[in-house]
Amino acid sequence: MAPPRVADSNGAVESVMAEAVDLIAAVAPRLSPDPETLAGWTPEAVAVAGYGAFDRISPTTAEAFGADGLDHLKQITEPWAERPPTTQA
C-alpha cells in the first residue's frame, strides 16, 4: 500500500477538501461540458483521490449532472463497482 500523500491527523486537510467539494458543487452548474462528460470525470476523480477526498462529489454535483448525467454516471460506475477489488501498487 502506498503511503499517504499528506498526514491529516487533526482533520485540517479533510476540512479543506470538504470546502473544495462544496465550491465545486457551486460552480458545476456553470461549467461548459455537457452533463455526461461532467459525470464521466467523476469516477476517476474519486478513484485517484484516495482517503475519501471526493466521496461527496456525486451528491453535491447532482444538479449539474441532471437526469442524463446521473444516468450516465450510474451506467459507467455499476460495472466498475461490481468488479472485485485489485491490489494497488
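Trainee: Which residues form the negative surface patch?

Mentor: Asp34, Glu36, Asp68 and Asp71 form it. This is a predicted model, where local features need pLDDT of at least 70 and side-chain atom pairs count only at pLDDT 80 or more, while totals for chains, interfaces and linings use all residues. Residues are numbered from 1 along each chain as its sequence is written, and side-chain values use heavy atoms, with hydrogens and water left out.

Trainee: What makes a group of residues a patch?

Mentor: Like charges are joined within 9 Å, and nonpolar side chains (Val, Leu, Ile, Met, Phe, Trp, Tyr) within 5 Å. A charge is placed at NZ of Lys, CZ of Arg, CG of Asp or CD of Glu. Asp and Glu count as negative, Lys and Arg as positive, and His and the chain ends are not counted. The areas come from the Shrake-Rupley method with a 1.4 Å probe, and for residues only the protein chains shown count as cover.

Trainee: Why is Asp34 called partly exposed?

Mentor: Buried means under 20% relative accessible area, exposed means over 50%, and partly exposed is in between (1.4 Å probe, protein chains only). Asp34 has 40%, so it is partly exposed. Asp34 lies in the loop between α1 (12–27) and α2 (35–49).

Trainee: How do you know what counts as a helix?

Mentor: Helices are DSSP runs of H or I with at least four residues, strands are runs of E with at least two, and both are numbered from the N terminus. This chain has 4 helices and 0 strands.

Trainee: Why does Asp55 get its label?

Mentor: At 53%, Asp55 passes the mark of over 50%, so we call it exposed. Asp55 is in the loop between α2 and α3 (57–60).

Trainee: How much of the chain is buried?

Mentor: Buried residues are 18% of the 89 residues.

Notes:
Patches are made of residues with over 30% relative accessible area and no salt bridge: like charges are joined within 9 Å, nonpolar side chains (Val, Leu, Ile, Met, Phe, Trp, Tyr) within 5 Å. A salt bridge is a side-chain nitrogen of Lys or Arg within 4 Å of a carboxyl oxygen of Asp or Glu.
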